[in-house]
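Here is a short report on strand pairing and core packing. Keep the sequence and the model open alongside.

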Amino acid sequence: QVQLVESGGGLVQAGGSLRLSCAASGRTSTLNPMAWFRQAPGKEREFVGVIGRDGAPTYYADSVKGRFTISRDSAKNTVYLQMNSLKPEDTAVYYCATDLRRYISGSYYAPDEYEYWGQGTQVAVSS
C-alpha cells in the first residue's frame, strides 16, 4: 500500500504564494513519479504537473507553467508544489498522486494513470 498526505493549503490573495507538500509512505519510493492534480467545484479533476525520478523530468499544464514549480526531497520522500502568482482560477482542491512505475507514463496528464491518491488540500485564492 501507498499513503499520500497533502498539506499546506489555505486562503491567499491573488498574486500570493503557497507551497503544498505531499508526504509519501508505504510501498512507494523516491524513484516513483509523483503528480499533482486539482479539482474545482463542478469541474473535472485536471492535471497540474508531474515530476520524475530523481527530480527530473518535470511537466506542467499550460495554465500553471511559469508560475508553479514541482520539486522533491528524496530524503524525506516528499514532493512539493510551489505556487506563485496565484489567481482566483487556481482555487481548487489539490491532490498528489503516484503509481509504482519507474518512469513517467506517456499519459501522465490523465488521472486514470495513477493508482494512489492523497485526500487533498484546499487552496482558495481571493480576488
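## Terms and basis

Two strands pair if DSSP finds at least two bridges between them. Strands (E, at least two residues) are DSSP runs, numbered from the N terminus. This is a predicted model: local features need pLDDT of at least 70, side-chain atom pairs count only at pLDDT 80 or more, and totals for chains, interfaces and linings use all residues. Residues are numbered from 1 along each chain as its sequence is written, and side-chain values use heavy atoms, without hydrogens or water.

## The open sheet

Strands 1 and 3 run antiparallel, joined by six bridges. Gln3 stands opposite Ser25 of strand 3. The open sheet has four strands in the order 1-3-8-7, with antiparallel pairing. Strand 1 and strand 7 are its edges; each pairs on one side only. Neighbouring strands are turned by 20° against each other on average, direction ignored (axes are lines fitted to C-alpha atoms; angles run from 0 to 180 degrees between N-to-C directions).

## Strand 11

Strand 11 pairs in two senses. With strand 2 (residues 10-13) the sense is parallel, over four bridges; Val12 faces Val125 there. With strand 9 the sense is antiparallel, over three bridges; Ala92 has Val123 as its bridge partner.

In a regular strand, side chains alternate between the two faces of the sheet. Thr121, Val123 and Val125 form the covered face of strand 11. Gln122, Ala124 and Ser126 form the uncovered one.

## The core

The largest nonpolar core holds 34 residues. Such a core is a set of buried (under 20% relative accessible area, 1.4 Å probe, protein chains only) Ala, Val, Leu, Ile, Met, Phe, Trp, Tyr and Cys residues joined through side-chain atoms within 4.5 Å. Leu4, Trp36, Phe68, Leu81, Met83 and Tyr94 touch the most other members.

Technical notes
Buried means under 20% relative accessible area, exposed over 50%, partly exposed in between (1.4 Å probe, protein chains only).
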